[in-house]
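Q: I'd like to learn how to read a two-chain model, one feature at a time. Could you walk me through it?

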Amino acid sequence: MPVNPEFAGRVYPPSAPYGVSAAKIKEFAEAVGATDPAHTDRAAAQARGYRDVIAPPTFAVLVAQRAEMEFIFDPEAGVDFSRVVHGEETFIHHRPMTAGDEIVGVLTVDSVKAAGGHTMIVTRTELSAGEEPVCTALSTIVVRGGE
Amino acid sequence: MTDLAGGATRARRSFEGVSVGESLPAKTVHVDRARLVQYAGASLDRNPIHWDERFAKHVGLPDVIAHGMFTMGAAITVVTEWVGDAGAVLRYGTRFTKPVVVPYETGADVQFSGTVTAVDETARQATVEITATCGPDKVLGRAAAVVQLA
């Protein structure tokens, strides 16, 4: 089943809140080799004016992907996950994601375009803590065509 | 109070002194299976193409490949170490152009470097373009970050 082009413009309901923890930030920072003490040392983070330890810039993917999965595994969308390749990713940070944040993601399918037998899909996830915008994550996935 | 003093010495880089064409200190990151399993757990991206060689080959890949998001996350450390504050990154984007193939025996070395390509005096911001290569391959395309300087 091909990707359903009518999904362009669709907005999904807000995802369940994700609680950002200092432990997960530390684990993620270590995994990508991020050594800034603001990821692991609360006093160091607070000395720079942050409320608590802050997440590395790409940590937001962990939260955004939860929202993206709603679309990817939506049976009506027709996305074959085994054929999905990550094409592009962009984060626009409105402020650093911080331990203690309860992040909700709202996913919009910006576009669905066929190109050379493949389908390119751009999604935009607005991540916020309460009323406060935290990060906009733009993701391009490519669904490879059948052979 | 040593932590606070340590934090202070890593204060955010000032806009003054940053100029277009400046090269950031480069770094090489060694990637092996253990690192990919660590990232899989930390990121919750447990796709077996990143740690199960048999599965990766079954779906037509030459071997296990690194998560594109791992490479993206490692690449930005070149910028955050230079700017002195990971919270200074306002925007960061990339294309995933080639996979980083990670053989069991040797692993893979990814080379990262960065160059300042634009500055905004009014906003005190800089744009840094990042290159990421593994052997002959450019593994990230159009990777760039905008940072808020002090």
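A: Gladly, and let's start with a single residue. His67(B) counts as buried because its relative accessibility is 1%; buried means under 20% relative accessible area, exposed over 50% and partly exposed in between, with a 1.4 Å probe and protein chains only. Before we go on, note that this is a predicted model in which local features need pLDDT of at least 70 and side-chain atom pairs count only at pLDDT 80 or more, while totals for chains, interfaces and linings use all residues. Residues are numbered from 1 along each chain as its sequence is written, chains are lettered from A and ligands numbered from 1 in the order in which they are written, and side-chain values use heavy atoms, with hydrogens and water left out.

Q: Where in chain B is His67(B) found, and with which residues is it in contact?
A: His67(B) sits in the loop between helix 3 (53–58) and helix 4 of chain B. Contact means heavy atoms within 4.5 Å. Setting aside neighbours within four places in sequence, His67(B) is in contact with Leu36(B), Tyr39(B), Ala40(B), Asp45(B) and His50(B).

Q: Which residues of helix 2 of chain B are buried, and what do they pack against?
A: Helix 2 covers residues 33–43, and its buried residues are Arg33(B), Leu36(B), Tyr39(B), Ala40(B), Ala42(B) and Ser43(B). Leu36(B), Tyr39(B) and Ala40(B) are also among the contacts of His67(B). The buried residues of helix 2 pack against elements of chain A, namely helix 1 (22–32) and helix 3, and against strand 1 (23–31), helix 3 and helix 4 of chain B. Just after helix 2, Leu44(B) takes a positive phi of about 70°.

Q: How do I read a residue in a strand, say Ala129(A)?
A: Ala129(A) belongs to strand 4 (residues 118–129) of chain A. Its relative accessibility is 16%, so Ala129(A) counts as buried. Beyond neighbours within four places in sequence, Ala129(A) is in contact with Arg95(A), Asp101(A), Glu102(A), Ile103(A) and Val134(A). Sequence and space can also be set side by side: Ala129(A) and Tyr18(A) are 111 residues apart in sequence and 9.6 Å apart in space, C-alpha to C-alpha.

Q: What is the order of elements in each chain?
A: Chain A has 3 helices and 5 strands, running β-α-α-α-β-β-β-β from the N terminus on. Chain B has 4 helices and 6 strands, in the pattern α-β-α-α-α-β-β-β-β-β. Along the principal axes, the C-alpha trace spans about 55 × 30 × 20 Å for chain A and roughly 55 × 35 × 25 Å for chain B.

Q: How much of each chain counts as buried?
A: In chain A, 53% of the 147 residues are buried; in chain B, 44% of the 150 residues are. For contacts between residues at least 6 apart in sequence, the share joining residues at least 24 apart is 70% in chain A and 68% in chain B.

Q: How far apart are the centres of the positive and negative side chains in chain A?
A: Lys and Arg count as positive and Asp and Glu as negative, with His and the chain ends not counted; each charge is placed at NZ of Lys, CZ of Arg, CG of Asp or CD of Glu. Chain A has 12 positive and 20 negative side chains, with centres 3 Å apart. For chain B, the mean positions of 15 positive and 16 negative charges are 4 Å apart.

Q: Which residues lie closest to the centre of the largest pocket?
A: On a 1 Å grid over the protein atoms alone, a cavity is a set of points where a 1.4 Å probe fits but cannot get out, and a pocket is an open set with protein on both sides within 12 Å along at least five of seven lines; lining residues have an atom within 4 Å of a point. Grid points are joined across faces, edges and corners, and a volume is the space filled by probe spheres set on the points. The largest pocket has a volume of about 1200 Å³. Of its 41 lining residues, the closest to the centre are Val84(A), Val85(A), His86(A), Asn47(B) and Ile49(B). Helix 3 of chain A gives the most to this lining, with 6 residues.

Q: And how many cavities of 30 Å³ or more are there?
A: The structure holds 3, and the largest cavity has about 60 Å³ of space. Its lining has 14 residues, with Ala34(A), His39(A), Thr77(B), Thr80(B) and Ala86(B) nearest the centre. Helix 4 of chain B gives the most to the lining of this cavity, with 5 residues.

Conventions:
Helix = DSSP H or I, 4+ residues; strand = E, 2+ residues; numbered from the N terminus.
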